[in-house]
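Please read the following alongside the sequence and the coordinates. The account starts with the surface and ends with a pair of side chains.

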Amino acid sequence: MRKGFDGLAALVQDHLSRDPFSGQAFVFRGRQGHLIKVLWWDGQGLCLFAKRLEKGRFVWPATAGAAAALTPAQLAMLLEGIDWRTPLRTDRPRIAG
């Protein structure tokens, strides 16, 4: 996880065959799973966000290829350190009132 703006943008372009300036968010995880970096183009420049978990690991999607697509809700849970694959849902009420 030593790469910065240019290194991660090159990874997106060369290995993922995507445009790093498309406005999509590209998330990278460290080997141990404690650190993630998010690369995003906001229309004026590249933004690089990093987050390190003090306890636990970021749950990473299993991919057949090099990339996986996440919904905004899945990305939000990933960034919070929640296991987005099996979120716990609240019970539905059986009787109204």
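The accessible surface of the protein chain amounts to about 7,500 Å², and carbon and sulfur atoms contribute 52% of that area. The model is a predicted one. Of the chain's 97 residues, 22% count as buried.

The overall dimensions come next. The C-alpha trace spans about 55 × 30 × 30 Å along its principal axes. The radius of gyration is 16 Å, whereas a compact globule of 97 residues would be near 13 Å. Among contacts with a separation of 6 or more, 35% are between residues 24 or more positions apart.

The protein chain contains two helices and three strands. Read from the N terminus, the order of these elements is α-β-β-β-α.

Which kind of ring pair does the structure hold? It has one aromatic pair. The ring centres of Phe-21 and Trp-41 are 5.1 Å apart and the planes meet at 85°, so the pair is edge-to-face; the angle cut-off for that class is over 60 degrees. Phe-21 sits in the loop between α1 (5-14) and β1 (25-29), while Trp-41 belongs to strand β2 (residues 35-41), so the pair ties together parts 20 residues apart in sequence.

Conventions
Residues are numbered from 1 along each chain as its sequence is written. This is a predicted model: local features need pLDDT of at least 70, side-chain atom pairs count only at pLDDT 80 or more; totals for chains, interfaces and linings use all residues. Side-chain values use heavy atoms; hydrogens and water are left out. Helices (H or I, at least four residues) and strands (E, at least two) are DSSP runs, numbered from the N terminus. The radius of gyration is taken over C-alpha atoms; the globule rule is 2.2 Å times the number of residues to the power 0.38. Buried means under 20% relative accessible area, exposed over 50%, partly exposed in between (1.4 Å probe, protein chains only). Contact means heavy atoms within 4.5 Å. Accessible areas come from the Shrake-Rupley method with a 1.4 Å probe; for residues, only the protein chains shown count as cover. Rings of Phe, Tyr and Trp (its six-membered ring) pair if their centres lie within 6.5 Å; planes under 30 degrees apart count as stacked, over 60 as edge-to-face and the rest as tilted.
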